[in-house]
Amino acid sequence: MTTGREKPMPSAAGARHARLTAGRAIVGRLSWGLADQAASSMTNFAVGIYVARSLGLAAFGVFSLAWVTYGVVLSVSRGVATDPLVVRFSGVSDASWRGAVARSSGSALGVGAAIGAVCLVVGLAVGGPVGPAFACLGVILPGLLLQDAWRYAFFAAGTGRKAFVNDLVWGVALVPAMVVAARVGSVAAFVLAWGASAAVAAVAGCLQSGIRPQLTGAREWIREHRDLGYRYLVENVSTSGASQLRAFGLGAIVGVSAVGVVRGAELLLGPFLAVLMGLSLVTVAEAARVLRQAPHRLGRFCLLLGGGQAAAALLWGGALLLMPDRAGELVLGDVWHAASELIVPATLGVAGAGLGTGAAAGLRALAAARRSLRSQLFASACYVIGGLGGAAVAGTVGSAWGVAAATLSSSAVWWLQLRSALRERHQNPNREVRTP
């Protein structure tokens with residue numbers, strides 16, 4: 001017999017309905033994440049293909065150096081500005097989210113302005129074929145980083161459709177910008193076109209959210225979240241920094257054209273590389289929700305996430321192997337023949353990275369920043385050693401195989417760290433996982 005104050009026990013049917021509703025909500029948010037990443041992939045793919053066909057192998061190599069440098073700066077912004085936002089402000093109240101987003105986006109804008117000024121000065125001082133590209137990169141960095149910050153903010157709020165729309169705005173703005181750049185015919189013009197279209201999307205993000213970035217709140221934001229931000233900063237920079245070291249090292253060992261060949265192979269696997277680059281937009285937020293609602297399901301969620309990506313990468317790589325040369329030349333032009341030799345090792349590398357990303361999302365959700373940092377430092381060291389060691393032994397192809405071996409090995413380390421973190425979480429369920 002129950003009293004009026006007692007809550008009735010949920011029925012099995014009611015619990016099943018609740019699980020199905022929660023599952024549909026997760027699938028819906030992930031679907032918007034996939035749609036947004038598809039739009040982002042198409043944008044990146046279109047830029048790379050257009051530049052490769054318009055400028056040729058050597059100039060494409062210069063553009064690729066600017067691209068990987070942007071990746072390093074983006075990692076700095078994500079580490080101190082937007083990664084803490086996704087971990088700590090996913091699924092919170094609207095008022096809390098809006099205040100956090102204003103300071104987080106202001107931090108991203110500040111990072112872009114500060115590092116952009118450095119790139120501008122260095123580019124003007126260096127000169128030659130590389131200098132103008134880096135000077136233009138310095139000009140466009142604030143817009144690029146602010147656009148990325150809006151994507152993080154929308155996914156933290158569970159409104160991935162807004163991130164999708166924002167990337168569509170960037171893609172639409174990119175079309176006339178690329179046409180103008182092609183008429184100019186220089187690397188600097190393409191860099192400016194790429195960044196100017198991103199700035200349009202950044203302004204659109206302000207209108208979508210109704211929030212203005214607060215540059216004055218950047219210092220407060222970084223100070224409040226320094227326990228996560230500094231470790232994520234080192235982790236992210238080690239990732240992109242390893243890519244940059246490999247790119248510049250490969251250019252020194254083999255030649256700048258080799259950088260263009262590697263970038264061409266990456267473009268062939270572009271959809272998956274773009275997903276990996278911005279994966280925390282969706283998966284960390286979802287993993288954080290799973291942790292709050294059903295902690296015992298986090299390991300399974302991460303395994304399905306990583307395994308699904310690895311399987312998809314292998315299927316895509318198999319399809320690329322069947323692509324006729326005429327189709328490849330249509331896509332990459334003169335870059336195709338050299339890039340096609342890297343399809344197998346590049347596919348294995350992306351599959352390994354995809355598998356590891358599932359574990360990385362779980363560590364981020366658990367706020368196990370020290371474990372995450374250890375795993376990433378190991379992975380980055382293996383990446384540089386494998387990439388440059390392989391280049392010294394067997395040129396561009398050797399570098400690709402070295403990177404594939406490094407990525408597959410480091411994936412195992414990510415999963416070992418996640419297993420340990422989940423064990424600690426089970427023993428101390430009310431505390432964030434921290435390691436000594």
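Reader: How many disulfides does a search of the whole structure find?
Author: The model examined here is predicted. A disulfide would require a pair of cysteine sulfur atoms within 2.5 Å. When the whole structure is searched for such pairs, the number of disulfides is zero.

Reader: Is Cys302 buried or exposed?
Author: A residue counts as buried when its relative accessible area is under 20%. For Cys302 the relative accessible area is 0%, so this residue is buried.

Reader: Which helix holds Ser411, and is Ser411 buried or exposed?
Author: Ser411 has its place in helix α16, which covers residues 369-427. Its relative accessible area is 3%, and therefore Ser411 is buried.

Reader: Which residues is Ser411 in contact with, leaving aside neighbours within four places in sequence?
Author: Contact requires heavy atoms within 4.5 Å. With its neighbours within four places in sequence set aside, Ser411 is in contact with Gly352, Leu355 and Gly356.

Reader: How many helices and how many strands does the chain have?
Author: Helix α16 is the element in which Ser411 is placed. Taken as a whole, the chain has zero strands, while its helices number 16.

Reader: What percentage of the accessible surface of the chain belongs to carbon and sulfur atoms?
Author: Of the 436 residues in the chain, 53% are buried. The accessible surface of the chain comes to about 18800 Å², and the share belonging to carbon and sulfur atoms is 67%.

Technical notes:
Residues numbered from 1 in each chain as written. Predicted model: local features only at pLDDT ≥ 70, side-chain atom pairs only at ≥ 80, totals over all residues. Heavy atoms only, no water. Helix = DSSP H or I, 4+ residues; strand = E, 2+ residues; numbered from the N terminus. Buried < 20%, exposed > 50% of the residue type's maximum accessible area, 1.4 Å probe, protein only. Areas by Shrake-Rupley, 256 points an atom, 1.4 Å probe, with all protein chains shown as cover.
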